[in-house]
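Please have the sequence and the structure open side by side.

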Amino acid sequence: MRIVIALNENLGPGFLANAAACIASGLFDGENDLLGEQIEGAECTFIPITKIPILIVKQNRKPWSELLKRAKRNKMKYMVFTKEGQSTTNYQEYVERAKGKKLDDLEVIGIGVLGDDDLVNKFAGDLPLLR
């Protein structure tokens with residue numbers, strides 16, 4: 001299992017980090033077996049982190065609709081993140097902005113997928129790493 005997150009590489013570093021965090025949190029929802037155990041340190045407790053790789057790649061001018069079709073075709077768990085979500089701190093406002101909308105009606109800034117290694121590699125094979 002692994003995660004790949006494709007992002008619009010033209011976003012600033014803070015927006016990229018925020019988008020990756022939001023997408024990862026969505027993909028991990030309900031996936032408790034993918035998280036490690038809590039670690040008790042001498043002076044603090046380390047919360048569980050992922051046990052699987054998370055790769056961040058560039059959208060690389062691929063249409064978001066094509067990437068979404070790849071995820072759906074391979075029956076992968078996916079998460080689409082939009083500017084409408086990133087530009088508000090009120091979740092209900094995000095719901096109102098996105099509910100019932102087609103992908104083309106929103107400003108997509110990233111798509112993440114979770115799946116078996118082979119399927120994830122197939123999804124992202126032509127997308128370069130974000131460096």
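Is Asp126 buried, partly exposed or exposed? Asp126 counts as partly exposed, because its relative accessibility is 33%; buried means under 20% relative accessible area, exposed over 50%, and partly exposed in between, with a 1.4 Å probe and protein chains only. Before going further, a word on the ground rules: this is a predicted model, in which local features need pLDDT of at least 70 and side-chain atom pairs count only at pLDDT 80 or more, while totals for chains, interfaces and linings use all residues. Residues are numbered from 1 along each chain as its sequence is written, and side-chain values use heavy atoms, with hydrogens and water left out.

Now follow the charges around Asp126. A salt bridge here is a side-chain nitrogen of Lys or Arg within 4 Å of a carboxyl oxygen of Asp or Glu, and by this rule there are six salt bridges. One of them brings together Lys62 and Asp126, at 3.1 Å from N to O. This pair connects distant parts of the chain, 64 residues apart: Lys62 sits in the loop between β4 and α2 (64-73), and Asp126 in the segment after α5 (117-124). Helices (H or I, at least four residues) and strands (E, at least two) are DSSP runs, numbered from the N terminus. Lys62 is partly exposed, because its relative accessibility is 22%.

Asp126 also forms a salt bridge with Arg70, with the closest N and O atoms 2.9 Å apart. Here too distant parts of the chain are linked, since Arg70 belongs to helix α2 and the two residues are 56 apart. Through shared partners, salt bridges join Lys62, Glu66, Arg70 and Asp126 into one network. Within it, Glu66 and Arg70 pair with their closest N and O atoms 2.7 Å apart. These two lie four residues apart in helix α2, so about one helical turn separates them. Glu66 is partly exposed, with a relative accessible area of 30%, whereas Arg70, at 10% relative accessibility, counts as buried.

Let's turn to helix α1 (residues 13-28). Its 16 residues reach 22 Å from the first C-alpha to the last, close to the 22 Å expected at 1.5 Å a residue; the expected span is 1.5 Å times one less than the number of residues. Which residues of α1 are buried? They are Leu16, Ala19, Ala20, Ile23, Ala24, Leu27 and Phe28. Seen down the axis of α1, these fall within an arc of 155 degrees, so they line one face of the helix; the arc is that of the directions from the helix axis to the C-beta atoms. Their packing partners are β1 (2-7), β4 (54-58), β5 (77-82), α3 (83-86) and β6 (108-115). After α1 comes Gly30, whose phi is positive, near 80 degrees.

That brings us to the interior. A nonpolar core is a set of buried Ala, Val, Leu, Ile, Met, Phe, Trp, Tyr and Cys residues joined through side-chain atoms within 4.5 Å. The largest has 18 residues, and Ile3, Ile5, Leu7, Ile23 and Phe81 have the most contacts inside it. Two or more residues each come from β1, α1, β5 and β6, and α1 gives the most, with seven. Leaving out residues up to four places away in sequence, Phe81 touches several residues, including Ala19, Ile23, Tyr94 and Ile109, where contact means heavy atoms within 4.5 Å. A second, separate core of 17 residues includes Trp64, Leu67, Val80 and Val113.
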